[in-house]
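Please read the following note with the structure open beside it. The points may be taken in order, each with its own part of the chain in view.

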Amino acid sequence: MIKVKTSAFALLMGSAFSTCALPIPDDLDQALSELIIQHGLTGKPATGFDLPGVDDPEVKLGKLLFFTKALSGDKQVACASCHHPYLGGGDGLSLPVGTLAQDPDILGPGRKTTTGQFYVPRNSPSIFNAWVHKRSLFRDARVEFLDWLNPDQGISTPDVPYGEADPNAGDSLLAAQARFPVVTPSEMQGFEFMKGAHNDAVRAHLAARIGNYGNAQGELFRNQWRDYFAAVYGDKSAEEIVTFDNITRALAAYQQSMNMTDNPWNRYVQGDKTALTTSQKRGAFLYLYMPPPPSDGGSEPDFLPTQCIGCHNTDSFSQTKGTNYHRLAFAQIGPGIGETGDESNDRGRTLRNQNLADIYSFRSTTLLNVEVTGPYGHAGNYDTLEEVIEHYDDYHAILDDYIDNQGWCKQPQFKDIKNCVDLFPDTRRHTDAAAKIIDDEIADGAPVLRKLELSPQEKADLVNFMKALTDPCVKQADCLAAWLPQPHEGDPDGLQLYAKNYQGTPLYLPADCAQGDTAVTGSRLMLDQGECISGKAHYFYVDVAQDNTTLYFSSRSGTGQPRLFYNAYQWADPQNAQATSHGTGTEQVLKVTVNRGRHFVSVIDPNGYQGLSVAAGVDSALREPGELPRDIVNACVEGLPSGYTELLSGKAQCAAPGDGYFFIKVTDPGSTLEIRTRHGVGNSDLFAGTFWPSRDMYTFASRRLDNSEFLRIDSPLPGWYYVLVSGNGQNEGVSIQVDVIKADSASREKGNRKPNRANNATLPN
């Protein structure tokens, strides 16, 4: 039998020894002070790093690149598709879904492939504080410094043989790492785009696409990227500045700016003894004081870790000392790496270095903000920190329970799949292979991954301590906004990811009401921020900054039969509601198009609800989804122009030069109007409302510098709706079409009774 070294309590703890009912000292602050000095902790993880600010021009360019889908082969996937700030810097999934997504804009649970298959074998790591990793990136450390203490020796990547420096890697691990998702078919490249081409050829083509030059010129419907690059790298030709090297530099700068380290633990280390709760202090003592394990897994020189901090050490809580790879026997769910003859297996680090001492080993990650970065493990098979600690406490018991009962079927990503129990038939075989190595080591006397024998209180204390490593910013949408593209920053190619969740509402920071997230106490709902409520009725308001905004309200989780009610002018209730939610049970969604100002929504269930998560979000009602604007029939080719006529849903009408007046009837509450103009010459503007609009009096308007207007109106009140196409006599041959989409349906509605523009008072409201 091949003798291999095994890991100890590495992903979260670093120790495999039992605590043996470790006594907690009476003076915790004094004991922790001594341990903090012993481990050389300062509470300042960014010391020694040259991190750019979020307002740095290169960071802003990197942010736009991180969110554009233009860097994927089929223009369907952005870097943010698998690493979104609202999802802990990851994707909220056990196994990522990159290419072949059913809906490219859906992130988190609900993001599925068109085939129903899984292609990405490993859980998405968080981009929060990714800069703390001084040695390597990726879960198998396949991007790594040859000598992290001497970085000048270079970075090794999968583009070169193991142990060699990649001359094109760039000057940082993050820049080197950014070279590989775009050339991985399951992540961003796609399975057909430049199939079989060399990695560098794919990268060069993507750079030319962004720069609009060479054989990729014209691949983007809109391309303003050169000016963005010129603002950072100099006013030169696109070929000189829009290079893949500069793309990776900007992407790296964006990630380096994510300094999410202002947490309670660091404030405590710096002297604020009130920053931690008593439970967190007990957990910190356990974390720092557990007896040390022996030299553990990996092929690097032996190093004796000290306590839990041995495998997540220094202020970065990452693997800075000792071996960087650990064998943990986490369940092997997923498609595997695809080695010939053993396709569903994932042998971890060994795949890169071919060293059997590292079989089933994976790189340690930072524990900073670990509270929000689940699911946990290289394949994301544990949803909570509590489950991970239970794994370390008795890995055989929890693995048997997880595999025997198909524990993945309880996880959000898989629970609704009909054949869930049959998804990963080789899980037992591959997991047992990893566990047997650890069993053999234990039988030989090595104290690795032995039962921790922690009490329930000690487990809770350790979890609470790890939550003290959370920077509040990562749980606050208004703080994270700086790392998300904002409307004033532009959309250089029209391919910016506008993420939404499985309910179809804009992605927001989730609230875990079942885990005790604090209930909202005020009446104001913050945009993109999930909140927890319980009761029979809650009344909220939302402040909207821009006209022509689609405002979303949604609820989910918990129990009850709530409905959401909207009113533009006063506290909403079932009697005065201008729009009402649609859905089943607690899964409710309400959409309405509004202008700037304060808007009101209520959540009501006469029988009460518990643990309900609610959120509000916005999108532009002028943004037409998709890369290319949807075309409509040129109705002016055969039809006569009209200055006053009824519109039928889904049928284009030719508008007369100058001002053309149109009307359509909405019969179903919660419907959506999509209004488009196309074709012709000159410039036409679009105005709409529940009365005959003019250029000075209207409810909503779209005013572009051509005839390609778009306006989406959600939840117009049932009745007649009126539209003006106005060009001041300079427009001609313009077609207009209105599509009426019924709530919860793709069906179209036709209007009927024709109103009289001259006598608006006789018409229904």
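A residue is called buried when its relative accessible area is under 20%, and exposed when that area is over 50%, with partly exposed in between. The model discussed here is a predicted one.

1. Helix α2. This helix spans residues 57-67 and is mostly covered, with eight of its eleven residues buried. The buried residues are Val-59, Leu-61, Gly-62, Lys-63, Leu-64, Leu-65, Phe-66 and Phe-67. The elements that cover them include α6 (225-233) and α8 (244-256). At the start of α2, a side-chain oxygen of Asp-56 comes to within 2.8 Å of the backbone nitrogen of Glu-58.

2. Asp-140. Is Asp-140 buried or exposed? Its relative accessibility is 5%, so Asp-140 counts as buried. The residue is located in the loop between β1 (136-137) and β2 (143-145). Its side chain makes a polar contact of 2.9 Å with the side chain of Arg-142. When neighbours within four places in sequence are set aside, Asp-140 is in contact with Arg-122, Gly-348, Arg-349 and Arg-352.

3. Helices α13 and α14. The axes of α13 (residues 395-404) and α14 (residues 427-443) come within 12 Å and cross at roughly 170 degrees. That angle makes α13 roughly antiparallel to α14, because an angle over 145 degrees is counted in this way. From α13, the residues in the contact are Tyr-395, His-396, Leu-399, Asp-400, Ile-403 and Asp-404; from α14, they are Thr-427, Arg-428, Thr-431, Ala-435, Ile-438, Asp-439 and Ile-442. Sorted by class, this contact has six nonpolar, three polar and four charged residues.

4. Asp-512. This residue is placed in the loop between α16 (477-480) and β6 (531-544). Its relative accessibility is 37%, and Asp-512 therefore counts as partly exposed. Asp-512 and Gly-530 are 18 residues apart in sequence, and their C-alpha atoms are 8.5 Å apart in space. With neighbours within four places in sequence left aside, the contacts of Asp-512 are Asp-517 and Cys-532.

5. Strands of a sheet pair through backbone hydrogen bonds, in either a parallel or an antiparallel manner. Here, five strands form an open sheet with mixed pairing, in the order β13-β15-β20-β17-β18. Why is one side of β13 and of β18 left without a neighbour in the sheet? Strands β13 (644-646) and β18 (700-702) stand at the edges and each has a single partner strand, so one side of each has no neighbour there. On average, neighbouring strands of this sheet are turned by 20 degrees against each other, with direction ignored. Within the sheet, β17 (residues 685-689) and β20 (residues 719-726) run antiparallel and are joined by five bridges. Gly-689 has Tyr-722 in β20 as its bridge partner.

6. Strand β21. This strand covers residues 734-741, and eight of its eight residues are buried. Val-734, Ile-736, Val-738 and Val-740 point one way from the strand, while Ser-735, Gln-737, Asp-739 and Ile-741 point the other way. Strand β14 (residues 653-655) runs antiparallel to β21 and is joined to it by three bridges, with Cys-654 opposite Ser-735. Strand β16 (residues 672-678) also pairs with β21 in the antiparallel sense, over seven bridges. In that pairing, Ile-675 stands opposite Val-738.

Methods: Residues are numbered from 1 along each chain as its sequence is written. This is a predicted model: local features need pLDDT of at least 70, side-chain atom pairs count only at pLDDT 80 or more; totals for chains, interfaces and linings use all residues. Side-chain values use heavy atoms; hydrogens and water are left out. Axes are lines fitted to C-alpha atoms, for helices over the stretch in contact, and angles run from 0 to 180 degrees between N-to-C directions. Helices (H or I, at least four residues) and strands (E, at least two) are DSSP runs, numbered from the N terminus. Angles under 35 degrees count as roughly parallel, over 145 as roughly antiparallel, 65 to 115 as roughly perpendicular and the rest as oblique. Contact means heavy atoms within 4.5 Å. Ala, Val, Leu, Ile, Met, Phe, Trp, Tyr, Cys and Pro count as nonpolar, Asp, Glu, Lys and Arg as charged, and the others, Gly among them, as polar. Buried means under 20% relative accessible area, exposed over 50%, partly exposed in between (1.4 Å probe, protein chains only). A polar contact is a pair of N or O atoms within 3.5 Å; within protein, one must be able to donate a hydrogen and the other to accept it, and residues adjacent in sequence count only if both atoms are side-chain atoms. Two strands pair if DSSP finds at least two bridges between them.
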